Amino acid sequence: MGMSVTISAATEQDAEQIFRLQYLCFQTEAALYGNYRIDPLVQTLDSVREEVARDCVFVARLGEEVVGSVRGSVTEDGAAAIGKLCVHPRLQGHGIGARLLRAAESALADQHGATRFRLHTGHRSEGNLRLYRKVGYETVGTSQGADGVPMIVLEKPAGTYAATA
């Protein structure tokens, strides 16, 4: 019988696995933009550890292996900034990303008082855009990442949690 993927809050012991998974998962985004200096690829392990300690971070596990991750924090305007959603390439397309989003949204609204959720993705990232729109996010604007990649900003109100795909 196969193992199930479980979603739980990240612990400091997860930081290194999150760091490695993030580096693996964002290679395709970097290739899409021809830019291997995007934030998830240049983030340090110490910075990931700080985020795990400070922010709302969830992981998807298959046994002991971290196979997915997402982070979020509430900003001054009451919105929750959700970012660095990633799922191991061999497990993409099975609803794990939507489950991670739901866990983060739920915690950010219920425990941290977020009134809406905001995230961004690269303008060519069709798979990401498809997922975010499927779970209720709408485009509210554009921005430019610090790495120069044009980004699409999406939001949805709190209370409209992601449906499990």
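**Figure 1. Buried residues of helix α5 in the predicted model.** The buried residues of α5 are I96, G97, A98, L100, L101, A103, A104, E105, A107, L108 and A109. The model shown is predicted. Because 11 of the 15 residues of α5 are buried, the helix is largely enclosed by the rest of the structure. The 15 residues of α5 should span 21 Å at 1.5 Å a residue, and the end C-alpha atoms are 21 Å apart, which agrees.

**Figure 2. Surroundings of L100.** Leaving aside residues up to four places away in sequence, L100 touches I7, F58, V59, A60, G68, S69, V70, L85, C86 and V87. L100 is also one of the residues with the most contacts inside the largest nonpolar core.

**Figure 3. The nonpolar cores.** The largest nonpolar core has 30 residues. Those with the most contacts inside this core are F58, I82, L100, L101, L108, F117 and Y137. At least two residues of the core come from each of β2, β3, β4, α5, β5, α6 (126-134) and β7. Helix α5 gives the most, with 9 residues. A second, separate core has 18 residues, among them I18, A30, V48 and V149.

Figure 4. An open sheet of mixed pairing is formed by 7 strands in the order β1-β2-β3-β4-β5-β7-β6. Its edge strands, β1 (5-9) and β6, each pair on one side only. On average, and with direction ignored, neighbouring strands of this sheet are turned by 25° against each other. Helix α1 (residues 15-25) lies across β2 (56-62), β3 (65-74) and β4 (79-87), and runs at about 95° to β3. Helix α5 (residues 96-110) packs on the sheet, where it touches β1, β2, β3, β4, β5 (116-122) and β7. The direction of α5 makes about 155° with that of β4.

Figure 5. Strands β6 (residues 138-144) and β7 (residues 150-157) run antiparallel and are joined by 6 bridges. E138 stands opposite E155 in β7, and the bridge partner of T142 is I152, also in β7. The hairpin has 5 residues between the strands, and G148 takes a positive phi near 90°.

Figure 6. An unreviewed UniProt entry carries the annotation "domain: N-acetyltransferase" for residues 5-159. Over residues 5-159 the chain is 36% helix and 34% strand. The end C-alpha atoms of this stretch are 25 Å apart.

Key:
Residues are numbered from 1 along each chain as its sequence is written. This is a predicted model: local features need pLDDT of at least 70, side-chain atom pairs count only at pLDDT 80 or more; totals for chains, interfaces and linings use all residues. Side-chain values use heavy atoms; hydrogens and water are left out. Two strands pair if DSSP finds at least two bridges between them. Helices (H or I, at least four residues) and strands (E, at least two) are DSSP runs, numbered from the N terminus. UniProt positions are given in the numbering used here, feature names are shortened, and annotations may be inferred rather than shown by experiment. Axes are lines fitted to C-alpha atoms, for helices over the stretch in contact, and angles run from 0 to 180 degrees between N-to-C directions. Contact means heavy atoms within 4.5 Å. The expected span of a helix is 1.5 Å times one less than its number of residues. Buried means under 20% relative accessible area, exposed over 50%, partly exposed in between (1.4 Å probe, protein chains only). A nonpolar core is a set of buried Ala, Val, Leu, Ile, Met, Phe, Trp, Tyr and Cys residues joined through side-chain atoms within 4.5 Å.
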